[in-house]
Amino acid sequence: MSKQTAAPPSAAKAEEQQSSTGVMDAPPDTVDRKQLKQERDEAKERQKERLSALSHDELIELYRQMILIRRFEEKSAEAYVAGKIGGFCHLYIGQEAVGVGTISAIRKDDYVLSSYREHGLALAKGMSARSIMAELFGKATGCSKGKGGSMHMFDKSLGFLGGHAIVGGQIPLATGTAFATKYQGTDQVTLCFFGEAAVNQGAFHESLNMAQLWKLPCIYICENNEYGMGTSLARAMSLRDIAQKACAYEMASEFVDGMDVLAVREATLRAVERARKDYLPTLLEIRTYRFMGHSMSDPGNYRTRAEIEKYQERDPIKLFAASLLEEKIVDQKALDEIDRKVREEVEDSLRFAEESPLPDPEELYTDVYANPIEPGRK
Ligand SMILES: Cc1ncc(C[n+]2csc(CCOP(=O)(O)OP(=O)(O)O)c2C)c(N)n1
Ligand SMILES: [Mg+2]
């Protein structure tokens, strides 16, 4: 058994999260209404406690970061459609609570590695909107000097080690990063983000096995958004409760509601403590949903509008705003002001990207990890 029992979602969650793809198990007519009410009341109480655990400024900062990611991604989509961004572009809209909640639970000197759906994670780790937008535009001022693009955001000084395009490719790399920090005797932790479609890969299982065996401070964060490109989880995975897979490695694990930024933060704090104090890894399955297509070129024929709208009812930003308003932590005017400032920041990043120069052709030969064939060499 895992060290922390992985509890499957409650009846309330099952009802909330059931999708037209049948991913969740409990059909609404089997849900016990009384139990549902009790669970909702308990959830409300828990939410109050979570809100009171953070200062006013900390709560506002979580909200600001989520709105920043949302507005940044909306602007990226516009720029992409206008032909200003080339190549692939995978947006994070709908998943903001995962990136913000998890990264708010770590220190600046901790590491983050991710898949290609990483613009939001890079922002949450402290990278500037300017450096990310310029990278999307392929400009010299981008975080990867305009040579990486959407899937290869990177900032060593901030501990953001990519942006990886190969599904699951970052999982062994994060495991190695955690090994390195332990070997060097630091107490840094590594967060490794990946989608649920990466979990069927050997790299995932080999990494988890090694991390538990060698006691590595790595937190494996599966962002379960229910789809790998156009394939639903239900069609691709035999055991769909991904957190349970940790049992195979005696690893601690948890299911987390990915639409609730405070629940995400709290679960991550537990995992971080385990990693920092005891060098123990954790698998978090964070259940979320992407509101946009897989990438900007996805026509989205594999799911219905109604399914998307059902999940949008639990939009993580709207849910958090509602909690803040209900508990009178802020008023609508204050939230609007945050949004206004964030929009300015995003507009500024767009101007910066547009006005920045393209990389010099000479740059083709720098930061390339392949030995160029030397002239005259046989
Ligand atoms: C090894 C490998 N196989 C296939 C692909 C093509 N591919 C790109 S994204 C993707 C789906 C991944 O889905 P998931 O892991 O759930 O992440 P999400 O896109 O939902 O964030 C696939 C199959 C790839 N990039 N790498
Ligand atoms: Mg997915």
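**Notebook: a predicted model, looked up piece by piece**

I began with the contacts in the protein that have a separation of 6 or more, and found that residues 24 or more positions apart account for 75% of them; two residues are in contact if their C-beta atoms, placed from the backbone, lie within 7 Å. I note that this is a predicted model, in which local features need pLDDT of at least 70 and side-chain atom pairs count only at pLDDT 80 or more, while totals for chains, interfaces and linings use all residues. Residues are numbered from 1 along each chain as its sequence is written, and chains are lettered from A and ligands numbered from 1 in the order in which they are written.

**Entry: inventory**

I looked up the elements and found 13 helices and 8 strands in the protein; helices (H or I, at least four residues) and strands (E, at least two) are DSSP runs, numbered from the N terminus. Of the 378 residues in the protein, buried ones make up 43%. A residue is buried if 20 or more other C-beta atoms lie within 10 Å of its own, exposed if 12 or fewer, and partly exposed in between, with C-beta atoms placed from the backbone.

I followed the order 2-1-3-4-8-7, in which 6 strands form an open sheet with parallel pairing. Strand 2 (160–163) and strand 7 (252–257) each have a single partner strand, so at these edges one side of each is left without a neighbour in the sheet. From one strand to the next the twist averages 15°; axes are lines fitted to C-alpha atoms, for helices over the stretch in contact, and angles run from 0 to 180 degrees between N-to-C directions. Two strands pair if DSSP finds at least two bridges between them.

I then went through the pairs. Strand 1 and strand 2 are joined in the parallel sense by 2 bridges, and here Ser 114 stands opposite Gly 163 in strand 2. Strand 1 also runs parallel to strand 3, with 3 bridges between them, and Val 112 stands opposite Leu 191 in strand 3. Strand 3 (residues 190–195) pairs with strand 4 (residues 218–224) over 6 bridges, again parallel, and the bridge partner of Cys 192 in strand 4 is Tyr 220. Strand 4 and strand 8 run parallel and are joined by 6 bridges, with Arg 287 in strand 8 as the bridge partner of Asn 224. Strand 7 and strand 8 pair in the parallel sense over 6 bridges, and Glu 254 has Leu 284 in strand 8 as its bridge partner.

**Entry: what covers the strands**

In a regular strand the side chains alternate between the two faces of the sheet. Helix 10 (residues 261–278) lies across strand 4, strand 7 and strand 8 (282–287), and runs at about 170° to strand 8.

**Entry: the core**

Which residues touch the most other members of the largest nonpolar core? I found that they are Met 66, Cys 192, Ile 219 and Leu 284, out of 85 residues in this core. Helix 3 (residues 56–81) gives the most to this core, with 9 residues. A nonpolar core is a set of buried Ala, Val, Leu, Ile, Met, Phe, Trp, Tyr and Cys residues joined through C-beta atoms within 7 Å. Leaving out residues up to four places away in sequence, I listed the contacts of Leu 284, among them Ile 219, Tyr 220, Glu 254, Val 256 and Ala 271.

**Entry: ligand 1**

I counted 15 residues around ligand 1, the closest being Val 167, Gly 195, Ala 197, Ala 198 and Gly 228; a residue is near a molecule if its C-beta atom, placed from the backbone, lies within 6 Å of it. Strand 3 and strand 5 (227–228) each supply at least two residues of this shell.

**Entry: a residue of helix 3**

I looked up Ala 77, which is found in helix 3, and which is partly exposed because 17 other C-beta atoms lie within 10 Å. Ala 77 touches Leu 91 and Met 296, not counting residues up to four places away in sequence.
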